[in-house]
Amino acid sequence: MLSLARRNISKAVRCLSTQADAPVYLALSNLLPSQNANEEVVALNPSVFAQPIRRDILFLCVNHDRDALRQGSASTKTRGEVAGSGRKIRPQKGTGRARLGDAQSPMLRGGGVAFGPKPRDFATDLPRKVRMLGMRIALSSRVREDALGVTSSLDWPLGAKTGPFANRIARLGWSHTLFLVGSSTGTSQSHIPLTPDEIVRAQQYFDPSAGLPPRLARVTRNIPNVHLMRAEDANVLTLLKWPRVVLDLAAVDYFERLLGLDVPEHLRIPAPPPPLIPLRFSRAIAGRSGKFSPRISDDDQGQDVVESVGERQMFE
Amino acid sequence: MSTLPRFRATAGRVHLFNLSPAFGSQKNQQRLGRGDGSGKGGTSGRGNKGQKARSGNGKPKAGFEGGQTSILKRFPKKGFVNQNEKTWAPVNLDRIQHWIDEGRIASSPEKPITARELLLSGCVHNVHDGIKLLGDGAEHLKTPIYITPSRASQSAIKAVEKLGGSVFCTYYNALALRDCVKGRTDRLSAAPTRRDDIVWYTNWRNRGYLARPAVDKNPLATERTKMLSAELLKFKQQVFKQIQ
C-alpha cells in the first residue's frame, strides 16, 4: 500500500543474529535528494535502539513529563484574601437566623473559597534511571515501527523559502516528523542556568532557535506538522507524540553517549537535571525541601557552589 | 516463579493513548467523607465528637500523656553536649587493600591518599569531620600505602610503616576538609589553633604532620609546614615563672 510505504522512514536492515548485543543497522535517509540513497548504513547501539518495549515505563515517563509542563497557576482567594472588613454582619443572638461572622466566609455568596487551588508546582520526581530507560524504550519503539530515520546531517541549503522544503517533505512522506539535531562539537554546550538571576533571564529571553541549524529552523518554522528541536531537549513525551523521528548523526551520538549502557567513562554524558522551574514556584516554597548535594568536579577551582534555597552542605 | 510485569499485550504502535501503568502499581487513594457506599462517609472514620474528632491535630501537644507525668519529665537531665566533638569517618586497612587490588585507589609518596580519593572511590561514603585510619584487617595489607588522614590508630600506623608506607596525620578544619574534598588548591589550609590540636599534631607518636620527624620525612612538607612546625613546637621549651 502506498500509505504504508510512505509511513516508513527506513526499514531497519534486520540481520539474523543470535547475539543479544548485535547492533541495529539502519539505512541512512536523506533530507535532500541524493544519488547514493539507501547505500549508506548506520550501526546503532542496541542498548539504546533495540530495547524491549515496556509500556508501563513509558506511562511513568510521559506522566512525569506532562506534570512538569503544568503551569500550575490556578489561584483562588481564601476568606482571608477576599476584600472586606471583619465586621460581624448580624448579632450573635436574637435574629432567629444562623450565626455569622464576617462577610467573606465561604458559606456566603461573595465569600472566599475553602480549600481552593493555589499556584503550585505539579512536577513529580522520577528516578533518573527510569527516565533514561524511558528514553531508550521510546527510541527503540520508533525503530521497531520503522518510524525512525537517521541522516548524516540536518540542514537545508536550498534557499530560505518554506515552499520547496514543504514539497520535499510531502514527496518523502515525512509529515508529522520530529527532527532532532545534535550539537556539532559532540558535547552538550547548553549552559544550565544556576543562579537566580540566570534562571529569571533564561525565562524572560527564551530564544527558541538557539542551537538549531538556522536555515533549517527558518524553513520548518511555518510548517505546523514538522518540528525541529535539539536532541538535548527531547524527552519521552516528545518522542511519543511525533509519529516519525529523524535524527542526525550528532543526535545519534548524543543519545548513545547519554543512554548507552556500556559507554566508556570519558565519553559518557551525565543525565540532564530535571527541568528548572521559575523561582516563584520552586519546590522549597511549595512545601518540598530542595536538597542538592554539592557536585564534586575537578573544574571547581576558585568557584564557590551556589548557595540557593534549601542547599545542604555535604559535611555539616 | 519470578514475578514478571503484568500488562495487557497491546499490539501495534506505541502512542500516547495506549500506555498504561503496570498492573497493581497505582492504587486509588482512600477519600474520606464521600458518601455511605465508601464506608468512610459521614464522620469519616473518626467516630462521634470528642477531641480526636476535631479538625487539626487532636492532641494538646507532643509528649502530653493526659496529665500523667510524661516520660520526658520522669527522668532527670544528664550531662552536656560537647560542641568540639569530632566524628571521624573510619576506614580500615583491609578495605583500603581491597580497593587497591580492584584498582579503585592508588597512592605514592607524591600523591598520598586523602579524604578526596577515599570519597570519590567509594571507600568512605561521607567524610564527616575527617578520616581516621584504623587497623582492622592489618594482616591483609600487602602494599605500602601513603596516606594523610586526620587521625590514625596506633596499630594502623605500625602496620602501614612495617610495609614501607607512611602515615602523616594532618589537621583539617571544616574549610580545609571541604577544599581537600573538592580538589581546591588556591587556598591555604589553616594551622591548628586550639591547644589540644597543637599538642596532638606536633606529637610524632600520633604521626602528626607538625612533628619534627614528620616534617623531615614528608616529601610534601612545604616551607610553610616547616615554619609552622618550628613555631608550634616552641611550647615544649616554654617555662613559666613562678609569681612570688
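Student: Where does A:His64 lie?

Tutor: A:His64 lies in helix H3 of chain A, residues 55-69. Helices here are DSSP runs of H or I with at least four residues, strands are runs of E with at least two, and both are numbered from the N terminus. This is a predicted model: local features need pLDDT of at least 70, side-chain atom pairs count only at pLDDT 80 or more, and totals for chains, interfaces and linings use all residues. Residues are numbered from 1 along each chain as its sequence is written, chains are lettered from A and ligands numbered from 1 in the order in which they are written, and side-chain values use heavy atoms, with hydrogens and water left out.

Student: Is A:His64 buried or exposed?

Tutor: Buried means under 20% relative accessible area, exposed over 50%, partly exposed in between, with a 1.4 Å probe and protein chains only. A:His64 counts as buried because its relative accessibility is 10%.

Student: What does A:His64 touch?

Tutor: Contact means heavy atoms within 4.5 Å. Leaving out residues up to four places away in sequence, A:His64 touches A:Thr124, A:Asp125, A:Leu126 and A:Arg131.

Student: How do I read a nonpolar core?

Tutor: In soluble globular proteins, nonpolar side chains tend to be buried together. A core is a set of buried Ala, Val, Leu, Ile, Met, Phe, Trp, Tyr and Cys residues joined through side-chain atoms within 4.5 Å. The largest one here has 44 residues. A:Phe49, A:Leu148, A:Leu180, A:Leu247 and A:Phe255 have the most contacts inside it. Helix H4 of chain A, residues 128-144, gives the largest share of this core, 8 residues. A second, separate core has 39 residues, including B:Trp99 and B:Leu141.

Student: Which residues does A:Phe255 touch?

Tutor: Among them are A:Val48, A:Met135, A:Leu139 and A:Leu180, not counting residues up to four places away in sequence.

Student: What does a positive phi tell me?

Tutor: Most residues other than glycine have a negative phi. A:His176 has a phi near 55°, a positive value in a residue other than glycine. A:His176 sits in the loop between helix H5 (162-172) and strand S5 (177-181) of chain A. A:His176 counts as partly exposed because its relative accessibility is 39%.

Student: What about B:His128?

Tutor: B:His128 is not a glycine, yet its phi is positive, about 50°. B:His128 is in the loop between helix H3 (115-121) and strand S2 (131-134) of chain B. With a relative accessible area of 36%, B:His128 is partly exposed.
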